[in-house]
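I opened my notebook for a friendly look through one chain.

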Amino acid sequence: MTFSEILERVGSLGPFQIVHVLLLSTPVLFMASHNLLQIFTAATPAHHCVPAHNASSLASALPVGPNGEPDRCWRFTHPLLEGPLGPLNTTLPNGTQRHTEPCLDGWVYDRSMFTSTIVTEWDLVCDFRQLKEMAQSVYMAGILIGGIVFGSLSDRFGRKPILTLSYLLLAISGTCAAFSPNLLTYTIFRFLAGCSLSGITLSTVILCVEWVPTHVRAIQSTITGYCYTFGQFILPGLAYSVTEWRWLQFVVSIPFYVFFLSSWWVAESVRWLVLSGKSPRALKELQRVAAFNGRKEEGDKLSLEELKLNLHKEISLGKSSYSVITLFQNPILRRISYCICLIWFATGFAYYSLAMGVEDFGVNIYMLQIIFGGVDVPAKFISVLCLSYVGRRVTQGTCLLLAGTAILANIFVPSDMPMIRTSLAVFGKGCLSSSYNCLFLYTSELYPTVIRQRGMGLGNLCTRVGSMIAPLVKITGEVLPFIPALIYGLIPLLGGAVAFFLPETLNMALPETIEELQSRKKSEEEKEVQNIPLQSCEPTKGTS
């Protein structure tokens with residue numbers, strides 16, 4: 001008897017599963033708020049230097065920038081002479097040219113949209129503007145490190161304790177970030193928030209999948225995925241209502257105290273309990289599920305010996321001693337792994353370049369964030385149709401190629417055409433959402449069962465590296481303004497091209513072992529050889 005059969009006995013699709021998935025999926029709504037929070041808490045409003053003390057007007061105190069507005073980072077050391085029609089000249093009374101100096105007395109910010117942000121509070125502008133991107137990269141680094149740390153901890157201490165701990169850590173670190181006295185403290189707590197987010201993600205996926213039947217997992221996965229999508233609608237609404245960054249940071253962190261308390265009801269992974277030598281507790285969990293689903297008698301019939309025998313046999317078959325090195329040990333796996341690494345990296349890199357660049361398109365960021373979230377709904381639906389009828393390889397490659405093309409096209413669109421720039425960005429964001437949707441399925445189908453989890457882990461590691469590097473690339477805009485967009489566009493184009501070197505997996509059975517994957521590749525090559533048309537050996541007839 002397998003675990004799926006045991007689950008059928010205690011109720012595989014009853015009230016327990018509904019409440020269980022609901023409790024695990026609801027926090028995903030607010031995980032999007034933390035991932036994209038710096039769009040609003042680190043927004044950079046219009047600003048200019050505090051004028052010199054003896055200046056009578058901005059026009060006389062500030063040089064004019066390239067866009068015809070007062071320069072944001074420099075001011076005159078001596079104000080211009082004022083006449084009836086404005087400043088008279090740019091020279092001092094003794095005939096020498098006026099000099100400029102940095103904003104020694106700070107900046108004046110436009111607070112019509114945001115009462116305060118970390119940019120306005122800690123003056124992250126001009127020579128310090130790179131620190132804003134650094135803070136987001138540190139948060140993404142937290143997600144990367146958290147995936148490694150909490151993955152190991154969950155194998156040792158269980159999925160549920162790590163989930164509960166991660167909820168509490170996110171609530172506390174988010175709250176502490178809201179009361180940070182300086183940028184360094186804020187960045188440290190944001191790093192911890194990123195770590196906890198990985199712990200939540202890992203445990204949520206495992207606990208959701210384990211307690212629902214196989215034929216419902218795709219639906220459950222879609223529901224949980226759409227929770228993240230709809231969570232992108234919540235953030236701009238909160239940011240519009242709460243314009244002070246500290247309060248906004250606090251508001252999106254408070255719900256995780258509630259999730260911390262509700263997580264105590266969530267059931268632990270039965271497979272993990274049996275493998276960890278805690279079979280009596282595993283039996284109690286199954287009996288609790290049976291009672292909740294109205295099948296208490298079936299639960300009472302389960303015995304400890306039966307549970308140990310059946311689950312140990314099933315899980316031991318799936319448990320292997322393969323390491324990450326195995327993913328690169330033979331030519332077939334090497335090609336798959338290299339391609340998958342680049343595709344995951346390109347998707348995460350380009351996705352967060354657009355998701356975190358909302359204020360670069362010259363339109364209302366609240367409305368644009370809602371549109372960015374809304375485009376995921378049709379994008380994921382269309383990708384499912386393409387995956388089912390067109391194929392995995394073509395869908396994956398096309399999504400990245402279209403996304404890269406849209407990003408590159410924006411280089412040639414003038415800044416005074418915000419609607420076209422925004423439309424291209426929204427289209428690219430939709431393609432990248434589709435790419436993510438395809439990647440989870442495609443990666444799981446490419447790798448054999450014995451190393452599938454390793455392959456998925458490698459892919460997730462690469463996409464987190466990409467999302468961590470993406471904010472830092474913006475700094476290259478100091479050299480030439482179009483360089484970031486050029487890099488953001490070329491990487492997904494490269495990833496899209498690489499996707500076409502992968503094998504198609506549509507309507508193919510999942511490989512169980514590495515040997516099976518190799519034999520399948522060999523048979524495909526033999527078929528290709530057989531399908532090559534034989535060339536005629538007859539000589540070409542000439543005219544007499």
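Predicted model: local features only at pLDDT ≥ 70, side-chain atom pairs only at ≥ 80, totals over all residues.

I began with Cys399, which is buried, with a relative accessible area of 10%.

Next I asked myself how many disulfides a search of the whole structure finds. The search gives two. I noted that bonded cysteines, counted along the chain, pair in the pattern 1-3, 2-4.

I then looked up Cys208, and found that it is in no disulfide either, its nearest cysteine sulfur being that of Cys227 at 9.2 Å. Cys208 is buried, at a relative accessible area of 1%.

**The two links**

I went to the disulfide that joins Cys49 to Cys103, where the S to S distance is 1.6 Å. I placed the two ends: Cys49 is in strand S1 (residues 47–49), while Cys103 is in the loop between strand S5 (100–102) and strand S6 (107–109), so the pair ties together parts that are 54 residues apart in sequence. The torsion about their S-S bond is about -50 degrees, so I wrote this disulfide down as left-handed. Both Cys49 and Cys103 are buried.

My other entry is the disulfide of Cys73 and Cys126, with sulfur atoms 2.0 Å apart. This link is left-handed, with -100 degrees about the S-S bond. I found Cys73 in the loop between helix H4 (58–61) and strand S2 (74–76), and Cys126 in the loop between helix H5 (118–122) and helix H6 (130–157), so the pair ties together parts that are 53 residues apart in sequence. Cys126 is buried, with 7% relative accessible area.

**Charged pairs**

Which residue does Arg246 meet in a salt bridge? I found the side chain of Glu121 there, at 2.4 Å from N to O. Arg246 is in helix H10 (residues 245–253) and Glu121 in helix H5, so this pair ties together parts that are 125 residues apart in sequence. Glu121 counts as partly exposed, at 33% relative accessibility.

I next read off the salt bridge of Glu285 with Arg288, whose closest N and O atoms are 3.3 Å apart. These two are three residues apart in helix H13 (residues 279–292), so about one helical turn separates them. I saw that Glu285 counts as buried at 7% relative accessibility, whereas Arg288 is partly exposed, with a relative accessible area of 32%.

Then I turned to Glu445 and Arg392, a salt bridge with the closest N and O atoms 2.8 Å apart. It links distant parts of the chain, with Glu445 in helix H20 (residues 418–446) and Arg392 in helix H19 (residues 392–409), 53 residues apart. Both Glu445 and Arg392 are buried.

**Nonpolar packing**

I finished with the largest nonpolar core, which has 83 residues; Phe40, Phe256, Ile336, Ile340, Tyr352 and Leu502 touch the most other members. Helix H16 (residues 331–355) gives the most to this core, with 15 residues. Apart from it I found another core, of 18 residues, among them Ile6, Leu7, Ala267 and Leu283.

I took a closer look at Phe256: leaving out residues up to four places away in sequence, its contacts include Pro27, Phe30, Met31, His34 and Tyr167. Leu170, Ala171 and Ile200 are also among the residues that Phe256 touches.

Methods: Residues numbered from 1 in each chain as written. Heavy atoms only, no water. Core = buried A, V, L, I, M, F, W, Y, C linked by side-chain atoms within 4.5 Å. Buried < 20%, exposed > 50% of the residue type's maximum accessible area, 1.4 Å probe, protein only. Helix = DSSP H or I, 4+ residues; strand = E, 2+ residues; numbered from the N terminus. Contact = heavy atoms within 4.5 Å. Disulfide = S-S within 2.5 Å. Salt bridge = Lys/Arg side-chain N within 4 Å of Asp/Glu carboxyl O.
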